[in-house]
Amino acid sequence: MIFIVVKFKVKPEWSERWPELVADFTAATRQEPGNLWFDWSRSLDDPNEYVLVEAFKDDAAGDHVNSEHFKKAMADMPQALAETPRIISRQLEGDGWDRMGELTIG
C-alpha cells in the first residue's frame, strides 16, 4: 500500500473553517475504489495544524492525484495555508493497520 501523512499549517483565520474547506475533497477521496483510509486530525500542540493520514492500494495513488476532486482541492487549499504542506509518502507491505504488540488490550 501507499501510506501518506501530510501536515497542513493553516492561517489562523482558517483554523476553524479548514474541515469545511476540505469536506468535499475528503468525501470524494473516501469513495475512490483504491482508497483504504483518509483521516484528518488536528494537532494538540498547534491549533493551526491539521494532519492527514491516508492510504491507497498500490496502483490507486495515480488515479487519486489525477482526479478532478484532487485538482479542485489543490486549487482551493492555498488560500487557507500559511506554508507549503509537509509530506511523508512511502510504499509499505500490507493493506491495513496492524495491532500494536507492545500494548495489547483484550
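## A tour of the salt bridges

Start at helix α4, residues 68-76, and select Lys-71 and Glu-68: they sit three residues apart in this helix, separated by about one helical turn. This is a predicted model. Zoom in on the two side chains. They meet in a salt bridge, with N to O at 3.9 Å. That pair qualifies because the cut-off for a salt bridge is within 4 Å. Now show the surface. Glu-68 is exposed, at 61% relative accessibility. Lys-71 is partly exposed, at 42%.

Stay in helix α4 and select Lys-72 and Asp-76. Here the spacing is four residues, again about one helical turn. The closest N and O atoms of this salt bridge are 2.5 Å apart. Lys-72 counts as exposed, with 51% relative accessibility. Asp-76 is partly exposed, its relative accessible area being 24%.

Next, select Glu-49, Glu-83 and Arg-86. Salt bridges with shared partners join these three residues into one network.

Now move to Arg-42 and Glu-16. Their side chains form a salt bridge, 3.0 Å from N to O.

Last, display every salt bridge in the model. How many are there? The count comes to seven.

Methods: Residues numbered from 1 in each chain as written. Predicted model: local features only at pLDDT ≥ 70, side-chain atom pairs only at ≥ 80, totals over all residues. Heavy atoms only, no water. Helix = DSSP H or I, 4+ residues; strand = E, 2+ residues; numbered from the N terminus. Buried < 20%, exposed > 50% of the residue type's maximum accessible area, 1.4 Å probe, protein only.
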